[in-house]
Amino acid sequence: QTCGGTQFESVDMAGFVRGRRPRLGRRALALVIAGLCAAAVVGLVSTAFLAGKALTASTGSSASTPSFAGSRQPPTREASGVRLQSALAVVTRVTNTLGPWGTGGLVTLILTALGLNKVKVWLETPSRPYSADDASNSVRAEYDTWTREGVLEHYWGEHIHMGTYTPLKDQKGYNKNDWFVVSFFRATYGHLTGQYKDFIEAKLEFSKEMLAWSGATAPKKILDVGCGIGGTSRFLARSFPEAEVIGITLSPEQVARATELAKEAGLTNVKFQVTNALDMVFKDSTFDLVWGCESGEHMPDKKKYVEEMSRVLAPGGNLVVATWCERDPVPPFTPEERTTLKYVYEEWSHPYFISISKYGKLMEGTGLLESVTTDDWTEQTLPSWRHSVWVGVWSPWYWIKVSLKRPKAFLGFVRDAYCLERYHRAMRRGLLQYGMMKAKKKVA
């Protein structure tokens, strides 16, 4: 099955092979440590063995060691014993030369390198592949967990989406070409001196810019597709107090929290419900504004996603979508790019992405929409990826508290920070893009 130009083995509606989620439990951790120690010993012996061969050759003592070059016969037991003695001699010489502290340091370096490699493999193995089963929908499960723990809400505020940093050249705390560590120090300096944009404020400004770009003026009925904990729905309810706003999501936990926050805000013109965006219960031509902000990423059928939003949109109404996209598949994706795409999809329960132009074609293909327009907002949203990591570093107390209650959560936070950086790099180099699409429904 080909998804947006990337080919995957088709085994379910998402087109992905479900993998086992990597775990680092106590037993596994003990096995890893034991394995690292064993690997270190093997590495030392192998290194010593090779060094012994080189030493023997350089001193001209090869005559005393049987040579099997050009012979297909296996080494004799006597020859093997000589080689082992040579290796042990080199190990002894290295130990005597370095002393106990030097030897301990060498072993520590080798163990550290092996350990870091294990961690790297663990981080780069996707842990949350998309699953569309009604009983175990991965998107619903992840958002339920995040909402219960409150980490996203604590750091991101009401708006669980990217922020806008316009114009990018004026963002004193960010340079997209910085290395990760350099970027952190630059952002921290900007944060401490008040020159870097507020993280939560950037998200609210994104909603304002998206609304202005949509062209909607005075909608009476608004649908927020993929509403999260309702930040944008409440923003739209305040912006249009005469309108009725409905937010939909797959997550019951998000519906409960969004309803609670709306009640606390005293908003009576907004409500939330669990609804599948690919099979909406609403009648045709119901809403004057249909809003989809960062929900298309999770949709296993992008065509159906666009068709359903177009169906419930009223004639003359506005449709606006913001979503993460992959680049156009021309030229074809390289093997490295395919590996990166597979990782960013499966780590955060995304079935696949498509290109900005493909979204435009899907909108035109409905036959219901006109004035279809697309845009690329990658640059103005790019700082959000690393900013999402920095806010957790500048104020670590909340995620530490959650980790103390549920230790496995810490591993999830580490993986998420790593994934955010992978997204930043993919966006920066053009493999991924932040797509914007809008259209109006034709009036019969």
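Visitor: Which residues does asparagine 318 touch, not counting residues up to four places away in sequence?
Guide: This is a predicted model, in which local features need pLDDT of at least 70 and side-chain atom pairs count only at pLDDT 80 or more, while totals for chains, interfaces and linings use all residues. Residues are numbered from 1 along each chain as its sequence is written, and side-chain values use heavy atoms, with hydrogens and water left out. Contact means heavy atoms within 4.5 Å. On that basis, asparagine 318 touches Ser214, Gly215, Ala216, Asp288, Leu289, Val290, Leu313, Ala439 and Lys440.

Visitor: Is asparagine 318 buried or exposed?
Guide: Asparagine 318 lies in strand E7, residues 313-326; helices (H or I, at least four residues) and strands (E, at least two) are DSSP runs, numbered from the N terminus. Buried means under 20% relative accessible area, exposed over 50%, and partly exposed in between, with a 1.4 Å probe and protein chains only. The relative accessibility of asparagine 318 is 9%, so the residue counts as buried.

Visitor: Which residues have the most contacts inside the largest nonpolar core?
Guide: A nonpolar core is a set of buried Ala, Val, Leu, Ile, Met, Phe, Trp, Tyr and Cys residues joined through side-chain atoms within 4.5 Å. The largest one here has 90 residues. One of its residues, valine 290, is in contact with Asn318 and Leu223, among others. Those with the most contacts inside the core are Leu223, Val290, Tyr305, Trp324, Trp385, Tyr423 and Tyr434.

Visitor: How are H13 and H15 oriented to each other?
Guide: Helix H13 (residues 383-394) packs on H15 with the axes 8 Å apart and an angle of about 160°. Axes are lines fitted to C-alpha atoms, for helices over the stretch in contact, and angles run from 0 to 180 degrees between N-to-C directions. Angles under 35 degrees count as roughly parallel, over 145 as roughly antiparallel, 65 to 115 as roughly perpendicular and the rest as oblique. The orientation of H13 to H15 is therefore roughly antiparallel.

Visitor: How are H14 and H15 oriented to each other?
Guide: H14 spans residues 397-405 and H15 spans residues 408-428. Their axes are 6 Å apart, at an angle of about 140°. H14 and H15 are therefore oblique.

Visitor: What is omega for the cis peptide bond between threonine 166 and proline 167?
Guide: Proline 167 sits in the loop between helix H4 (151-156) and helix H5 (180-192). The bond joining threonine 166 to proline 167 is cis, with omega of about -15°.

Visitor: Where is proline 331?
Guide: The peptide bond from valine 330 to proline 331 is cis, with omega near 5°. Proline 331 lies in the loop between E7 and helix H10 (335-347).

Visitor: What is phi of glutamate 294?
Guide: Glutamate 294 belongs to the loop between strand E6 (287-293) and helix H9 (302-312), and it is buried because its relative accessible area is 10%. It is a residue other than glycine, yet its phi is positive, near 55°.

Visitor: What distance separates the C-alpha atoms of valine 274 and valine 255?
Guide: Valine 274, in strand E5 (residues 270-274), counts as partly exposed because its relative accessibility is 47%. Among the residues it touches are Pro252 and Val255. Valine 274 and valine 255 are 19 residues apart along the chain, and their C-alpha atoms are separated by 6.8 Å.
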